[in-house]
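Q: I'd like to learn how to read this structure. Please take me through the features one at a time.

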Amino acid sequence: MPPSNGKIPGWQWYLGEPESSGQLRTTPEDFQVWELPLVEPQGTGAHLWLEIRKRGANTQWVAGQLAAAAGVPLRDIGFAGMKDRHAVTTQWFSVGLQEAARADWTTWDIPDVALLHAHRHSRKLQRGALRGNRFLIVVRHLRGDVVDLEERLNALAERGAPNYFGPQRFGRDGANVERAVRWLEAGGRIKRSQRSLYLSAARSYLFNLLLSERVRLGNWNRLVDGDLAMLDGSRSTFACSLPDAELERRCAGFDIHPTGPLPGRDSRRGNGGAAREAAVLEEAVLGPHAALVEALQRAGVDADRRSLRVLPASLVWQLDHGRLTLEFELPPGSYATSVLRELVLTDPATISEDT
């Protein structure tokens with residue numbers, strides 16, 4: 001089981017502990033996110049799709065405000081992904097207007113939220129229906145070795161970063177993991193939103209443990225025998241038997257990626273688990289946490305896989321007057337803070353733990 005005090009361990013750095021430090025999120029504008037939609041609204045239908053820009057507000061709160069403004073149940077609000085509170089973020093929501101008491105969106109007034117565009121569509125916006133996210137991040141009061149920082153930036157642009165779940169996933173001081181363990185041990189009824197939060201925190205913790213070990217071993221960004229590889233831009237996985245020069249070439253070219261487990265009961269996406277060397281590695285890490293893995297299985301969550309690495313696409317940066325400005329894109333589910341941690345040390349209080 002995870003530490004009883006809920007403290008999350010320091011995951012292994014790929015490039016070693018950064019030699020530079022700075023302050024993140026001195027203002028919300030220093031952390032900006034633009035959602036990259038997977039589908040475009042059709043222009044007709046019973047669901048109103050809204051592109052909104054929010055500042056200093058979390059996604060669930062905005063969903064509640066939209067429901068109140070339209071006069072619809074919260075279940076009629078859809079969004080593709082959770083976005084940081086301590087940021088300026090642009091994302092899409094959908095509002096089912098079948099039961100709307102106030103359907104004219106131009107009259108809705110929500111603090112710190114700008115309604116940018118509105119289009120009709122035939123379906124509710126579903127979770128995960130996005131191509132990824134684009135980020136603009138500013139680190140201020142930068143101190144340290146600029147040459148080392150430039151080398152790290154070039155390394156990440158070329159080879160990517162460990163695809164850790166960020167601290168947002170675990171709550172302040174890892175409290176969501178501790179709560180998840182207590183609930184899984186004791187059982188009992190909790191809200192659906194809490195259940196999802198706790199299961200996600202527990203599985204993310206176990207995934208990060210495995211990834212951290214593979215970073216320590218130096219094989220997080222290459223295939224080992226028995227790995228389940230994931231096709232780039234897809235959730236599809238397949239088993240790998242090594243040595244295989246073609247598979248290794250595809251992995252080096254970022255066409256496929258090694259994966260780690262998101263524990264749960266057997267499922268098609270879980271694909272039966274890793275084999276041989278990869279299975280030995282996973283058992284060594286997850287074996288001491290067998291009780292938590294079994295509890296997740298009993299909770300009915302399906303096993304899945306996640307890429308061990310992420311490549312920040314279109315990465316550009318500027319270093320100037322004690323400030324680092326970064327722009328890049330990440331696929332859905334990957335964390336900008338996990339890329340940033342390989343570059344600079346930031347005050348933990350400036351890493352958003354509320355989404």
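A: Let's start with strands: two of them pair if DSSP finds at least two bridges between them. Helices (H or I, at least four residues) and strands (E, at least two) are themselves DSSP runs, numbered from the N terminus. For your chain, that gives eight helices and 16 strands. Residue numbers count from 1 along each chain as its sequence is written, and this is a predicted model. Local features need pLDDT of at least 70, side-chain atom pairs count only at pLDDT 80 or more, totals for chains, interfaces and linings use all residues, and side-chain values use heavy atoms, leaving out hydrogens and water.

Q: What pairs with β1?

A: That's β7, over four bridges and in the antiparallel sense. Go to S21 and you'll find its bridge partner, R143, in β7.

Q: Next up is β2. Which strands is β2 joined to?

A: One is β7 (residues 130-144), with seven bridges and an antiparallel run. Here V33 faces F135 of β7. Another is β5 (residues 88-96), joined to β2 by three bridges, and this time the strands run parallel. For an example, take W34, whose bridge partner in β5 is T90.

Q: Why is β2 described as largely enclosed?

A: You need burial for that: buried means under 20% relative accessible area, exposed over 50%, and partly exposed in between (1.4 Å probe, protein chains only). In β2 (residues 31-37), five of the seven residues are buried, so the rest of the structure largely encloses this strand. Across the chain, 50% of the 355 residues are buried.

Q: What about the overall size? How far does the chain span?

A: Along its principal axes, the C-alpha trace covers about 60 × 55 × 45 Å. Another handle is the radius of gyration, taken over C-alpha atoms; the globule rule is 2.2 Å times the number of residues to the power 0.38. For 355 residues a compact globule would come out near 20 Å, and the chain has 21 Å, so the two agree.

Q: How do contacts (heavy atoms within 4.5 Å) link up the sequence? What share of them join residues at least 24 apart?

A: Take the contacts between residues at least 6 apart in sequence: 82% of these join residues at least 24 apart.

Q: Now the backbone. What should I look out for?

A: Most peptide bonds are trans, and most residues other than glycine have a negative phi. You'll find P243 in the loop that lies between β10 (237-239) and α5 (245-252).

Q: And phi? Where is R25, and is R25 buried or exposed?

A: R25 has a positive phi, near 60°, although it isn't glycine. Its place is the loop between β1 (20-24) and β2. With a relative accessible area of 12%, R25 counts as buried.

Q: What is the phi of R276, and where does R276 sit?

A: Phi of R276 is near 50°, again a positive value in a residue other than glycine. R276 belongs to helix α6 (residues 276-286). Its relative accessible area is 43%, so R276 is partly exposed.

Definitions and conventions: Contact means heavy atoms within 4.5 Å.
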